Amino acid sequence: MSAEQELERLLDRCERIYGDVALEEVKAWKAAHPGRPAIGHLPVYVPREVIHAAGALPVALQGGGDQVDIVRGDACFQSYICHLPRSTVELGLQGELDLLEGLVFPSTCDVIRNLSGIWQLLFQGKYVRYLDLPQALNDTGGLFYLEDLEGLMNDVAARANQKPDKAAVAASIRLYNRNRRALQLLYELRAEAPQLVAADEAFLVARAGGQMEVSAHSDLVETFVSLARKRNRRKEDRIRVVAIGAFCEQPPLGLLRTLERSGCYVVDDDLNLGARWIQGDVEPGDFPLKALSKAYLVQSTWASVRFEDEQFRGDQLVARVKALRADGVIFAAPSFCDPALLDQPPLQKALTDANLPFISFKYAENTGQFQGFREQAGTFSDSLKLWGTT
Amino acid sequence: MSATRPTTSAQKDISMERQKAMLARHFQELSKVRETGRKVAYTFVPGNLTELISEAGMLGVYPEINALQSGMRQRSADFIHEAERLGHNEDVCTYVKCDIGMLTKGNIGPTGEKLPPPDLLLLSYTGCFTFMKWFELLRREYHCEIAMLHVPYAADGQPTEAMRQYIAKQLRNEVIPKFEKVSGKKLDLDSLAARLRRSALAEEDLSWVLESAKKKPSPIDAYFGAVYYVGPIFTAFRGGEDCIGYYRALRQEVKSRLEHGEGPVTPDGTLAKERFRLVVEGPPNWTHFRDFWKIFYEEGVVFVASTYTKVGGLYDRGFRHGAEKDPLLSLADYCLSCYTNLSLPARVDLLERYVREYAADGFIFNSIKSCKSFSAGQLVMLREVEKRTGIPGAFIESDLVDPRYYSQANIKNRVESYLQMLDQRRRA
Ligand code: SF4
Ligand code: SF4
């Protein structure tokens, strides 16, 4: 099989996982691991290591995308709530999430927070855990979070009939370190040679990890990266952009493809941010849960859903754009997403001050029309190519 | 027959005048801080640390209250427009946009005087994630000390001991040192404890007032009237003598109405006949407050309990500042128990109890477009309350301070159909 065929096969698998709302991958894992639970979690960040170490499969739930017809979900949410919770509830009510023994809701925003309560009301008897990530980014917050992690660990371990085990946490941390490194390689390759890794490919490859055993996913990403390096693709005359704002509800694949077809190379984004949240390796040490807690405090990426402590996000975005030699930024945020949308004015101001161009638009995970995006991104790209400015 | 009859001047709320005077004094003090040197803290209503602010000799500014008052004074549309012109999105919380717009246009407070900038941004992150985003925006405008108090969400219905200790520890290690730094004054914990006990005196009277709605007819409207009643206790005055005096006077007034079998006072006079007793979930609309209220009192509706008047504390369910001996744990208990920090099942339980305990004929949800903290999940809550009480509920939609999302005709239609339905049920 040629490298390109191999890549095609691999991407087909990732796209199958992406489109598989029935979670066949998870079913297969459960069949191969009798008695072990699968625990779902909502975006953005949940320390999957803890669930993994407790003997369960962590499953990232990222909404229904454009694959789910919303019938009952709309009756649960007003039109001015983003789309992800309604498709998640729809999947729940359709029974697609029955194979999950529980759900973890991180403290991402008010919508995810309230979704945890909706789950308690609609799916009584299901394990629901709210994970309060500390906004007090200091030792006090770290200690509180550590206790929260211990609680999560104990709960999941009990469901897996396992004893919480320090060594298992350390081992899981190492496996996830490898996964983060693999994803880092993927993103580096795309930044370095975006013609080798399209935006939708990077998205699909990273996203597949949400339903896979971590080692299998690391294998997949590493294989993808090494095969993609061998691609013989000519660099096209496109602008390099950073896409920001899609850290929770994910845009439809068609939107990512449209961006690249409109003359852009997306060299960085915040899609699947949870999997890349922790920057660098976590050193498990003698107290691995404590190490995870500490990592949240000092190794988190900057994100709209985490308190902006010392450094302004705008400065970090400008630094990132410059480091990546990007020509501009595309703000792509879900409609009605307070965390992403409230961040835009200060981020845009920082870009303006640094003379960096940007455009912005909103989407929903099930947006089906891309003409408007195509025109906007196309004009952005053309004007940057022609005049170096918008 | 008119739904209301003239209110004698003696019946008109004396407490209302008292509140006005308190507010005027507060804003006057704010306008003089340059001369007096008093320090200013900006903070939010849910889970506010007013007693701590007062102990430090500082003055509180509450951006939500500014937004609310801008809405009532018909200034919010302009402010929101200004914020949107600056790039703020149409989809986000309109309180934030109103505040940002007001700031951009000179930060003129409700009394027409410029509000002083903060010396401390005190983010008591309780019950709403957007507060955090709001403060991130404010901190760009002001170069001052920032204190963040992370209040965990009581997701399983009850706050845990770990949550209480976490808050107390943050107060001790992070928040109080910031106060001391800004005010230059060492915090006296005994004095704080005494102040909390004073808060409880007012809380006791407020609870009595809110519970008076259990009587038939109810002497108060526990939504439109009670948003005024909770003003002092939700903001800068809790723990002070003024506050105690205000609630004592309010209790006297309500007691007298009760003794005379009087209904609530509305802008058009005293409600003549209580036709429907309703419970309400969600904040009111401020831009058309009187018109909104009128839809209800014209139909003889009295709101006997509301959840919005619990965002600054669930006093009617028994919470009292100072009940816990350690003042920091007492503050922790307060922050944890504010309404929007409750899980959805706990919110449903509360609504169900209100419907039963206040012998309500029905209940209404006013869903606020821009407030996800309140509105996400309300449709599920509504069905759950219907299921548990066997009473159908009504769902209306509006916004806090964005007049573009308020439609008198739509709301009136809906409310009228709902009341007709309740009437038919009653006859049946
Ligand atoms: S898309 Fe935004 S508002 Fe919606 S759940 Fe995610 S973070 Fe919350
Ligand atoms: S989202 Fe709601 S609770 Fe939060 S700041 Fe806005 S109006 Fe207040």
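**Ligands, interface and backbone**

Mentor: Let's start at ligand 2. The shell around ligand 2 holds seven nonpolar residues, one polar and no charged. Keep in mind that this is a predicted model.

Trainee: Which residues are around ligand 2?
Mentor: They are Cys93(B), Tyr95(B), Cys128(B), Thr130(B), Phe131(B), Trp134(B), Cys371(B) and Leu400(B).

Trainee: Which helix gives the most to that shell around ligand 2?
Mentor: Helix α7 of chain B, residues 130-141. Three residues of the shell come from α7.

Trainee: And ligand 1, what's around that?
Mentor: Around ligand 1 you find Cys82(A), Thr108(A), Cys109(A), Ile112(A), Cys248(A), Glu249(A), Pro334(A) and Cys337(A).

Trainee: How does the ligand 1 shell split by class?
Mentor: Six nonpolar, one polar and one charged.

Trainee: New topic. How many residues are in contact between chain B and chain A?
Mentor: On chain B, 58 residues; they touch 52 residues of chain A.

Trainee: How much area do the two chains bury between them?
Mentor: About 4600 Å². Carbon and sulfur atoms account for 59% of that.

Trainee: How many salt bridges cross the interface of chain B and chain A?
Mentor: Six. One salt bridge pairs the side chains of Lys362(A) and Glu90(B), at 3.3 Å from N to O.

Trainee: What about polar contacts between chain B and chain A?
Mentor: The count is 30 residue pairs, both partners at pLDDT 80 or more. By class, the side of chain B touching chain A has 26 nonpolar, 16 polar and 16 charged residues.

Trainee: Let's do helix packing. At what angle do α8 and α10 of chain A cross?
Mentor: Roughly 145°. Helix α8 is residues 199-208 and helix α10 is residues 253-261, and their axes come within 8 Å.

Trainee: Which residues make that contact?
Mentor: From α8(A): Ala199(A), Asp200(A), Phe203(A) and Leu204(A). From α10(A): Leu253(A), Leu256(A), Arg257(A) and Glu260(A). That gives five nonpolar, no polar and three charged residues in the contact.

Trainee: Last topic, the backbone. Where is there a cis peptide bond in chain B?
Mentor: One joins Lys216(B) and Pro217(B), with omega about -5°. Pro217(B) sits in the loop between α9 (189-211) and α10 (226-229) of chain B.

Trainee: Is the bond from Pro43(A) to Val44(A) cis or trans?
Mentor: Cis, with omega near 10°. Val44(A) is in the loop between β1 (38-41) and α3 (48-53) of chain A. Why flag such bonds? Because most peptide bonds are trans.

Trainee: And Asn272(A), is its phi positive or negative?
Mentor: Positive, near 45°, in a residue other than glycine. Asn272(A) lies in the loop between β6 (264-269) and α11 (288-298) of chain A. Most residues other than glycine have a negative phi.

Key:
Residues numbered from 1 in each chain as written. Chains lettered and ligands numbered in written order. Predicted model: local features only at pLDDT ≥ 70, side-chain atom pairs only at ≥ 80, totals over all residues. Heavy atoms only, no water. Contact = heavy atoms within 4.5 Å. Buried area = accessible area lost by both parts, 1.4 Å probe. Salt bridge = Lys/Arg side-chain N within 4 Å of Asp/Glu carboxyl O. Polar contact = N/O pair within 3.5 Å; in protein donor to acceptor, adjacent residues only side chain to side chain. Nonpolar A, V, L, I, M, F, W, Y, C, P; charged D, E, K, R; others polar. Near = heavy atom within 4 Å. Helix = DSSP H or I, 4+ residues; strand = E, 2+ residues; numbered from the N terminus. Axes fitted to C-alpha atoms, helices over the stretch in contact; angles between N-to-C directions.
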